Every structure is written in structure tokens, then in C-alpha cells.
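Please have the sequence and the model to hand while reading.

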Amino acid sequence: MTDGAPSTSNRTPAVQAGLSDPATIVSFSEAQLGEVRRLQSVYPDARGALLPVLHMAQETFGYISLEVEEYVAALFDLSPAHVHEVVTFYTLYFRERPGRHIVAVCHNLSCHLAGAPGIIAHLKQKLGVDPGETTADRRVTFLTVECLCACEAAPMAQVDDRYELNLTPEKIDRLLEGLP
Ligand code: FES
């Protein structure tokens with residue numbers, strides 16, 4: 001090892017996730033393993049790269065299963081229990097396959113005061129699910145989350161990769177109609 005990052009290439013066998021889809025075999029590509037090593041090398045402590053690597057894992061495998069936790073833990077020489085604690089602490093890591101779209105409404109103080117409870121109630125009624133649940137057609141996973149640092153435009157939500165600001169029930173309706 002020359003860059004100070006833990007070696008990963010010889011001790012991280014693919015993990016079979018136990019699902020029927022062959023794509024669920026848990027293994028990064030060589031290019032992704034190179035990116036893991038690069039990320040680990042930019043932090044004084046390689047564990048600093050754990051969150052971005054978990055995001056990469058989620059994008060690759062769809063969600064963070066126990067098998068994915070085990071695989072990522074091996075990449076960092078950490079216990080699976082340590083990685084599990086991290087995954088369960090943050091709301092935007094999914095432990096089950098989410099819907100095709102994520103609607104995550106901030107319910108922290110600024111958004112709460114600006115009307116987030118009404119936005120959340122409207123979404124519950126429109127989607128027919130509670131926060132933390134996915135619609136029956138798997139189109140939308142609905143979450144409530146802590147401050148996303150856009151308090152000046154409260155109430156707000158993250159819809160997939162973008163922020164939607166100054167929400168109103170009418171804006172929510174347009175957003176939902178625009179989700180394929
Ligand atoms: S309180 Fe909602 S973005 Fe900060």
C-alpha cells in the first residue's frame with residue numbers, strides 16, 4: 001500500500017445478497033474500488049470516507065442491505081455493527097429498496113414554523129402513506145428529515161437529487177404530477 005489507504009482488492013470477496021437477481025451480488029467494480037481507495041486516501045483517517053462510500057453503495061445496489069453493510073465494513077476494516085450504526089443513524093440511507101422517487105420533507109424548526117406540518121399532511125393524503133413508507137405502486141418513498149440547510153426557503157423538501165423550496169400544497173401537487 002503506497003497511499004496510506006487500506007488495501008481493498010484482495011480481501012473483499014463479493015457477497016451474495018440472497019436475492020434472485022444476479023445484480024444483487026454485492027461487489028464494486030474495479031473502477032469503484034479505485035474510487036474507494038482514492039476517497040480513503042484524502043482523509044487523515046480513512047474512515048472519513050465511509051459516508052461517501054455508503055452513498056456509492058446505495059447508488060450501486062439500490063439500498064443498504066445487511067450484506068452491503070458487511071461488504072463496506074470489510075473495505076474499511078470495520079465491524080459490520082459499526083457500519084450498521086452509521087447506516088441507521090442517517091435518514092437518507094435506505095435499508096429496504098425504496099420507491100422510484102424520494103420525497104423527503106424537512107420537519108425541523110424553520111420549516112415547521114413555515115408550514116411543514118401542512119405540507120406533510122397534504123403529502124400523506126395525496127400519497128396515501130405515512131412518512132417512512134413507500135406507495136403501493138413503488139413510485140414514491142415519503143420521508144420526513146432533519147434540517148437540509150435551506151431554512152431561508154422554508155418549507156422545503158428534497159425530491160430525489162434536487163431541493164424544492166417555498167413549498168405550498170399546489171406546488172406539491174405539481175411536483176407529484178411531474179414524477180414519472
Ligand atoms: S429547518 Fe428546514 S431546511 Fe432548515
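1. Basis of the note. The model is predicted, so local features need pLDDT of at least 70 and side-chain atom pairs count only at pLDDT 80 or more, while totals for chains, interfaces and linings use all residues. Residues are numbered from 1 along each chain as its sequence is written.

2. The sheet. Five strands make up an open sheet with mixed pairing, in the order β4-β5-β3-β6-β7. Strands here are DSSP E runs of at least two residues and helices are H or I runs of at least four, numbered from the N terminus; two strands pair if DSSP finds at least two bridges between them. The edges are β4 (133-134) and β7 (162-164), each of which pairs on one side only. Between β4 and β5 (residues 140-145) the pairing is antiparallel, over two bridges, and Glu133 lies opposite Phe142 in β5. Helix α6 packs on this sheet, where it touches β3 and β5, and its direction makes about 150° with that of β3.

3. Val105. This residue belongs to strand β3 (residues 101-106). Val105 counts as buried because it has 25 C-beta neighbours inside 10 Å; the cut-offs are 20 or more other C-beta atoms within 10 Å for buried and 12 or fewer for exposed, with partly exposed in between, and C-beta atoms are placed from the backbone. Leaving aside neighbours within four places in sequence, the contacts of Val105 include Ile119, Ile120, Thr144 and Ala157, a contact being two such C-beta atoms within 7 Å. The C-alpha atoms of Val105 and Ile120 are separated by 7.1 Å, although the two residues are 15 apart along the chain.

4. Helices α6 and α7. The axes of α6 (residues 116-127) and α7 (residues 169-177) come within 10 Å and cross at roughly 40°. Axes are lines fitted to C-alpha atoms, for helices over the stretch in contact, and angles run from 0 to 180 degrees between N-to-C directions. The pair is therefore oblique, the class left after roughly parallel (under 35 degrees), roughly antiparallel (over 145) and roughly perpendicular (65 to 115). Ile119, His122, Leu123 and Lys126 in α6 meet Pro169, Ile172 and Leu176 in α7.

5. Helices α2 and α3. For α2 (residues 50-61) and α3 (residues 66-76), the axes come within 11 Å and cross at roughly 140°. These two helices are therefore also oblique to each other. On the α2 side, Leu50, Val53, Leu54, Ala57 and Phe61 meet Val68, Val72, Leu75 and Phe76 of α3.
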